[in-house]
Amino acid sequence: MADGQEDRRARLARDTSKLPEAARSEKLHALKKSRAGHLGILTRSYREIRELMKDAFKAKEVKYQREKLMTSFVRYKDCHDEYCSYLESDDEFGEALSMFEVELRTKEAFDREVDDWLHGLEQTPPPGHTVEPTPRENIKPEDSR
């Protein structure tokens, strides 16, 4: 196991020696299912945000959904870390860490995709997205009150 993996494993280690094997196994199963549920939420969020990105006028909604995605990713990470804390074999831990790294790269690539899309909108706003100044002849004294 690489040094980085050993450091991470040491930080996540949980003393499960006092936990009956059946209880540990049950907890691992529940955490694995929970982790899969969090991954499903992330996958759905990526898809929904990509759909929103098809409409340049939905930039505000994209930003909002992206914030929710970040919260979901933190929840996934927390669940994943707890799952890893119950793993006893180096092989299981290495496999779980590899899975997490794939998800982290997916999120990082998605973040770049959203950033590029938003930056593109800043550079070239969609037609009709600018506010036309009001002609002076249409301004009445009562508008200033």
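The following conversation works through some of the terms used to describe this predicted model.

Reader: How do you know in which helix the confidence is highest and in which it is lowest?

Author: Each residue carries a pLDDT on a scale from 0 to 100, and the mean for helix 3 is 96, the highest, while helix 1 (residues 3-12) has the lowest, with a mean of 58. For the protein as a whole the mean pLDDT is 84, and 75% of the residues reach 70 or more. Over residues 130-136 the pLDDT is below 50, and this stretch has one contact in the model beyond near neighbours in sequence. Where pLDDT is low, the predicted coordinates should not be read in detail.

Reader: Why is Tyr 76 called buried?

Author: A residue counts as buried when its relative accessible area is under 20%. Tyr 76 has a relative accessible area of 0%, and therefore it is buried. Phe 73, at 7% relative accessibility, also falls under that cut-off, so it counts as buried.

Reader: What makes Phe 73 and Tyr 76 an aromatic pair, and why is the pair described as tilted?

Author: Two rings pair if their centres lie within 6.5 Å, and the centres of Phe 73 and Tyr 76 are 5.8 Å apart, so the pair qualifies. Together with Phe 100, Phe 73 and Tyr 76 form one aromatic cluster.

Reader: How many aromatic pairs does the structure hold, and what makes the pair of Tyr 46 and Phe 110 a link between separate parts of the sequence?

Author: The structure holds four aromatic pairs. In the pair of Tyr 46 and Phe 110, the ring centres are 4.8 Å apart and the planes stand at 50°, so this pair is tilted. Tyr 46 belongs to helix 2 and Phe 110 to helix 4, so the pair ties together parts that are 64 residues apart in sequence. Both Tyr 46 and Phe 110 are buried.

Reader: Why is Asp 111 called buried, and which side chain does it join in a polar contact?

Author: Asp 111, whose place is in helix 4, has a relative accessible area of 14%, and because this is under 20% the residue is buried. The side chains of Asp 111 and Lys 107 are joined by a polar contact of 2.7 Å, which lies within the cut-off of 3.5 Å. Lys 107 also lies over the face of Phe 73, at 5.5 Å from the ring centre.

Reader: Which elements give two or more residues to the largest nonpolar core, and which residues have the most contacts inside it?

Author: The largest nonpolar core has 17 residues, and those with the most contacts inside it are Leu 42, Ile 49, Val 62, Val 114 and Trp 117. Helix 2 (21-52), helix 3 (59-85) and helix 4 (90-123) each give two or more residues to this core, and helix 4 gives the most, with six residues. Leaving aside residues up to four places away in sequence, Val 114 touches Ile 49, Met 53, Val 62 and Arg 66. A second, separate core has ten residues, among them Leu 31, Cys 84, Phe 93 and Leu 97.

Methods
Residues numbered from 1 in each chain as written. Predicted model: local features only at pLDDT ≥ 70, side-chain atom pairs only at ≥ 80, totals over all residues. Heavy atoms only, no water. Core = buried A, V, L, I, M, F, W, Y, C linked by side-chain atoms within 4.5 Å. Buried < 20%, exposed > 50% of the residue type's maximum accessible area, 1.4 Å probe, protein only. Helix = DSSP H or I, 4+ residues; strand = E, 2+ residues; numbered from the N terminus. Contact = heavy atoms within 4.5 Å. pLDDT = per-residue confidence, 0-100. Phe/Tyr/Trp six-rings, centres within 6.5 Å; stacked < 30°, edge-to-face > 60°. Lys NZ or Arg CZ within 6 Å of the ring centre and 35° of its normal. Polar contact = N/O pair within 3.5 Å; in protein donor to acceptor, adjacent residues only side chain to side chain.
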